Amino acid sequence: MEFKIKSGDLARQKTPCLILGVFEKRKLSGPAETIDKASAGHLKDRLESGDLDGEKGRTLMLYGVPDIDAERVLLVGCGKRKDFTRARYQEAMAAAVNLLNQTRASEALCTLAELAPDGLDGYQAIRDLITTAADQSYRYTQTKSDKHPLKHPLKRLNLWVSKKQEQDAAERAARDGTAIAAGIALAKDLGNLPGNICTPTYLAEQAQALAGDASGLRVEVLDEDAMQELGMGALLSVSRGSRQPAKLIVMHYDGGKQGAKPVVLVGKGLTFDAGGISIKPASEMDEMKYDMCGGAAVIGTMRAVAALGLPLNLIGVVPASENLPDGAANKPGDIVTSLSGQTIEILNTDAEGRLILCDALTYVERFNPAVVIDLATLTGACVIALGKHPAGLFSRNDKLANEVLAAGDYAGDRAWRLPLWDDYQTQLDSNFADMANIGGRDAGAITAACFLSRYTKKYPWAHLDIAGIAWRSGKEKGATGRPVALLTQFLLGRC
Ligand code: BES
Ligand code: MN
Ligand code: ZN
């Protein structure tokens, strides 16, 4: 979908469809008021007839509104004015886009940015509309026969802003929003693909393909021999349980000054997690194809950053593997030696994410990073603790933690910080190795972060547990593309 910023006399805008907000009790929004006046009270007359009260999510399409240049007018119910939060604002856009995707109009002009609730600046208001519209229009088609489920998709969404001085921020928001939406779509596609297609090798090929189109990206892929050579005993122990070879995908984007320390993103790329010998229950195991969504979000963010040409150096690293119970798989009690030299007793083979991440986190020391952020669908415990709204954030570095939290708040892709106190570290004690790979039932998301903290002492580091946010279950089952928006915002904030 393409997005363009427009301004000027609303009644004179030539468009197949003009989108206007209406609040409950038939209260017209500012732009709707303008059109009502231009059409000699046509909108109020139609609302009087009782077809729309302004309840949230409801829509009414009007044809032949007199004395304006738009072919149609789409009224979108926004609910009560005082309850119009950021979430309601996004829902109003979603309702409009859903309806338009079912009509023949392939272009529309949206005035909802004028109604943005307090707390959103003009830039955020536009960016939210773009990412919401793209999110609503996304369809997964790769493994379906019907490649075009929308017969008349919305192809161009124009966004109207009233004040001339808002134009600059709006243009920036359109550019950034378009890039973020493309990154999110890529992360969703990768997350939705099944494990038999989206293997570690496939992920590596996709990263390479992206480097082919997106100028400024360079990709290096380490195979198992190279990882063996380096001594990545923890990562390789996981992939031994599967017939698909592991890959370490390293993507470089050099947009900053030569020699400037890079930001490093590390994303868990576990393309299918059966649990290994500590096998998972059968129900909903299909969803464990999404265990590579950390890696997908890294690749999506690289795409967004390359499209924007941000002036910074960025490295994205994706350790990719399957976790299956083949003959050579890890067994409970096995002890492996990580790249850092620390030994690990594997008490549960299903706690594999930390095993592939710890070697990747040691590997990135060589880049002398400014900061490292890892993101991983790491623990079910994080979903129990925080549910599906925020990512779990862990860091010893308050400044970095606050920077990540602020980026998430601003982007509407939130995280919530949990403690990473040393008090929890003893839960990882092992009688036979330097540490165990699990810390018992208590505070499972925290002990997983504690495990990673033992491999990240040489740079400022933050960890995002995205098990709850990367995926939706139920009727809307599928990848969300989160936290591409948070990460891109974090990087925009550093430019
Ligand atoms: N990939 C899972 C975590 C997960 C669970 C992600 C549910 C999304 C939804 C991870 O590899 C895992 O299996 N973790 C175990 C750790 C436990 C064995 C300490 C878990 O959370 O049960
Ligand atoms: Mn697991
Ligand atoms: Zn996993």
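Donors are the N, O and S atoms within 2.8 Å of a metal (3.2 Å for Na, K and Ca), and because water is not among the atoms, sites may look incomplete. The close-up views below show a predicted model, in which local features need pLDDT of at least 70 and side-chain atom pairs count only at pLDDT 80 or more, while totals for chains, interfaces and linings use all residues. Residues are numbered from 1 along each chain as its sequence is written, ligands are numbered from 1 in the order in which they are written, and side-chain values use heavy atoms, with hydrogens and water left out.

**View 1**

**View 1. The zinc ion (ligand 3) in its octahedral site.**
Lys-268 (NZ), Asp-273 (OD), Asp-291 (OD) and Glu-352 (OE) coordinate the zinc ion (ligand 3) at 2.0 to 2.4 Å, and these donor residues follow the spacing K-x4-D-x17-D-x60-E. The angles among the six donor atoms of this site run from 78 to 176 degrees. For comparison, the ideal angles for six octahedral donors are 90 or 180 degrees.

**View 2. Asp-273 as the bridge between the zinc ion (ligand 3) and the manganese ion (ligand 2).**
The two bridged ions, zinc (ligand 3) and manganese (ligand 2), lie 3.2 Å apart.

**View 3. Polar side-chain atoms beside the oxygen atoms of ligand 1.**
A polar side-chain atom of Lys-280 lies 2.8 Å from an oxygen atom of ligand 1, and one of Glu-352 likewise lies 2.8 Å from an oxygen atom of this ligand. For Lys-268, the distance from a polar side-chain atom to an oxygen atom of ligand 1 is 3.2 Å.

How values were computed: Polar contact = N/O pair within 3.5 Å; in protein donor to acceptor, adjacent residues only side chain to side chain. Tetrahedral: all angles 85-135°; square planar, octahedral: opposite > 155°, others 65-115°.
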